[in-house]
Amino acid sequence: MLKLTILLSFFIYPLLIWAEQKALIKDIRYYEISSGVRVVIESTNYVEFTKGQLKNPDRVFFDIKNAVLNKDIKKEIFLNTQEVFRIRIGQFDPNTVRFVFDLNSSHYNLKVITLEDPFRLVIDVYSQQSSRIYEQKEKSLLKRKIVIDPGHGGKDPGAIGPTGLQEKEIVLDIALKIKEFFKSDPSYDIILTRDKDMYVSLEERAEIANKAEADLFISIHTNASPNIYSKGIETYLLNWTDDEEAIRVAARENAISVNKMRQLKGELGVVLASLEREAKRDESIKLASYIHTSIVESLKKSFLRSDNGVKQALFYVLIGAKMPSVLLEISYISNPEEEYLLSQDFYRTKIAQAIAEGIINYFSKSDRIKKVKYTKNKVIKVKKSNGYINKKRTHL
Ligand SMILES: [Zn+2]
């Protein structure tokens, strides 16, 4: 018996070491970049890989060495983009995970880089042609999933205006109008975190977007201030801020005190640092810029509303979202004039349309450089990515 135990441990021990060293392929994500498609393969630790190309039909494959596949990963993903028809994923042999890209054309370029923490293999497949012949076709095939989050609801009315108008009602109506706006467009799938007067926790809201694997998360609110003269439009990104006004806005939306908000810096520093790396941040800035510009231009023209710029603050509702996300403060419900406007259907329709147009602009292929006011003095320039990976930027 002793002999058997020794013998078994002799075999099991190296097996355990071997098992420990294997990387687990955790996740595969993909999204469109301006000239092609980007696929991100995430693993628990560093992996080596080889790639190969095959003809008839055109395909390219990646063998990830010493790796095993997470069982939750789909074995087949249909991208239906101009370049990539489908990705097939499988445990090729006990030590190798193989990704096969079935291509739509032999005219493609490939760019592969690796990033760490967590380890990611980033594969860009992009068109050799400068102009994308199939752009229209591609647009019609790609479905954009947008999660619209009308703030508050149910037992939480949000901010209340001088005549009793409730934030939860206004933002729900705007969210429903945005959904309506995209109803006839099959390339957009609009998901609401609530479509009636019900309470949804801040954590649940981002989770709805994560579960849906949404492309964007947009939380809609009305602003409020003890100063009844405060007015205008603000768009927020998730980040730490020293701006007192932004801290006050976030404290209200997070339903915590301003003092607690100040304490959060230490507690959430690590989370934010990792977000910075994971970097939905660049895309969030771009999204904020397009939506903010669209709302400001629309309301400035018709209602002379003021542009308070794109700012940043720690909003709980944005922390869990894995995709580019922004929080909109569409007007001040505490300002009597803006409360009146918010109570009007035409004003809410105008805002809903402007948000929808901002979303469309975000996805459009424009190379225009957008300038937006950012916090008090800074100006962020948002430029559409050229489709190549810049290692210093981490928008993966
Ligand atoms: Zn709110």
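What percentage of the 396 residues in the protein chain is made up of buried residues?

**Figure 1. Overview of the protein chain in a predicted model.** Buried residues account for 36% of the 396 residues in the chain, and the secondary structure comprises 10 helices and 18 strands. Of the contacts in the chain with a separation of 6 or more, 72% are between residues 24 or more positions apart.

**Figure 2. Helix α7, residues 281-303.**

**Figure 3. Packing of α7 with helix α10, residues 345-363.** The two helices pack at an angle of about 145° with their axes 8 Å apart, and α7 passes α10 in a right-handed crossing. Residues of α7 that meet α10 include Y290, I291, S294, I295, S298 and F303, while on the α10 side the contact includes Y347, I351, A354, I355, G358 and Y362. Sorted by class, this contact has 12 nonpolar, five polar and three charged residues.

Figure 4. L341 counts as buried because 22 C-beta neighbours lie inside 10 Å, where the cut-off for a buried residue is 20 or more. Leaving aside residues up to four places away in sequence, L341 touches F303, S331 and Y347. F303 and L341 are 38 residues apart in sequence, yet their C-alpha atoms are 8.8 Å apart in space. Both F303 of α7 and Y347 of α10 also take part in the contact of those two helices.

Technical notes: Residues numbered from 1 in each chain as written. Predicted model: local features only at pLDDT ≥ 70, side-chain atom pairs only at ≥ 80, totals over all residues. Helix = DSSP H or I, 4+ residues; strand = E, 2+ residues; numbered from the N terminus. Expected span 1.5 Å × (residues − 1). Axes fitted to C-alpha atoms, helices over the stretch in contact; angles between N-to-C directions. Left-handed = near helix turned anticlockwise from the far one by under 90°. Contact = placed C-beta atoms within 7 Å. Nonpolar A, V, L, I, M, F, W, Y, C, P; charged D, E, K, R; others polar. Buried ≥ 20, exposed ≤ 12 C-beta atoms within 10 Å, placed from the backbone.
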